[in-house]
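Q: I would like to learn how to read a few features of a protein model. Can we go through them one at a time?

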Amino acid sequence: MNTPVNLLDFDVDGLIAWFAERGEKPFRARQVMRWMHREGCNDFAAMTDVAKALRARLAEEACIRPPVPVRDSVSADGTRKWLLDVGNSNAVETVFIPETNRGTLCISSQAGCALDCAFCSTGKQGFNRNLSAGEIIGQLWLANHLLGAAREAEAGLEAGDKDNGRIISNVVMMGMGEPLANFDNVVTALRLMLDDHAYGLSRRRVTVSTSGIVPAMDRLRDECPVALAVSLHASNDALRDRLVPINVKYPLVELMAACRRYLDKAPRDFVTFEYVMLDGVNDDPAHARELIELVREVPCKFNLIPFNPFPNSGFQRSAPERIRRFAGILIDAGIVTTTRKTRGDDVDAACGQLAGQVQDKTRRTVRLKQTLEVRS
Ligand code: SAH
Ligand code: SF4
């Protein structure tokens, strides 16, 4: 028998095509889509309005297989983090951040990352592989499933009396990996996030964060425009070449032009610039003033991220007072600037932190293998 096809790998058009190859009508594909993504169902037998013969055939040829969590930690502030086994001793992480008016899920796009930003623990691991579309959307599937189960248990709801109120209102592609370096799979997953037959999120509530792969930013604008965050982290090319090496290929003048082009079709009328605050490296008032010049023609907001330290990183987090001063200069120039709260510190819920920690103790694969073995 052939290995079953994971239906989480398809967006709506892909599933319609796969059904068509089997002589099934598009509405059947949409039906199954809704069961999978709206109802969170991974058992064909339970899809009661799908013809019995089709259910039997699907059970033979297909599966609905999300990634498997090997660790599940909850921080004192409610931030929840899952470490997911993606095979071959690789793991990625997904983080849920609850806030008063929204719940944000931070999703990974690659195991490791090839771009090697100086301050990033994911980058320090090197690149392992791209996640499949099913592994990317599977993180949303799984989080919905696990958070929904937790909420039902808390509220004492009966099965079938499910409250479909959204727990996850926003998705950010800010976990491990560079989303635009895994373009096709990420776009398939984004389409599912936006599709009414799946998660039905508005484009404004789905954010892709990129280190600045200029041609892929243009493609995203044309193929699936969602909110855009750009990891800037430096105010001039010399500094950015050092911190974000992809800058050598796509320097700031090209990056700023790509941001302006993106805004023609973006669902929001600004780009968010992320800026990690590294003590004594990029956090001087002179850098803030240089930034104001740099972004003069790009409608934007700034999100200052206090550096999340990890062993042997060689960097330190800027002091709060220094961050306030830096923010103040941008704000005085009329740029909306927020400083990210450090959340989930007790579960290391930051970009690449948990897997990074695993790596820092011994050689990554050895240690990770042990972690996965202990958990399975
Ligand atoms: N690869 C994409 C998205 C994932 S990283 C990107 O680089 O944009 C999400 C954000 O976390 C990026 O802005 C990234 O630069 C930042 N980041 C990485 N390591 C960090 C650390 N140790 N402390 C604080 N922010 C970090
Ligand atoms: Fe990759 Fe983003 Fe980390 Fe840079 S910051 S190494 S692009 S994950």
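**A loop serine and a ligand**

A: Start with S75, in the loop between β3 (68-74) and β4 (80-85); helices (H or I, at least four residues) and strands (E, at least two) are DSSP runs, numbered from the N terminus. This is a predicted model, where local features need pLDDT of at least 70, side-chain atom pairs count only at pLDDT 80 or more, and totals for chains, interfaces and linings use all residues. Residues are numbered from 1 along each chain as written, chains are lettered from A and ligands numbered from 1 in the order written, and side-chain values use heavy atoms, without hydrogens and water.

Q: Is S75 buried or exposed?

A: Buried means under 20% relative accessible area, exposed over 50%, and partly exposed in between (1.4 Å probe, protein chains only). S75 counts as buried because its relative accessibility is 5%.

Q: Which side chain does S75 join in a polar contact?

A: A polar contact is a pair of N or O atoms within 3.5 Å; within protein, one must be able to donate a hydrogen and the other to accept it, and residues adjacent in sequence count only if both atoms are side-chain atoms. The side chains of S75 and D77 form one of 2.9 Å.

Q: Which atoms of G177 and E274 lie by ligand 1?

A: For G177, a backbone N or O atom is 2.9 Å from a nitrogen atom of ligand 1. For E274, a polar side-chain atom is 3.1 Å from an oxygen atom of ligand 1. Elements giving two or more residues to the shell around ligand 1 are β10 (206-210) and β12 (271-277).
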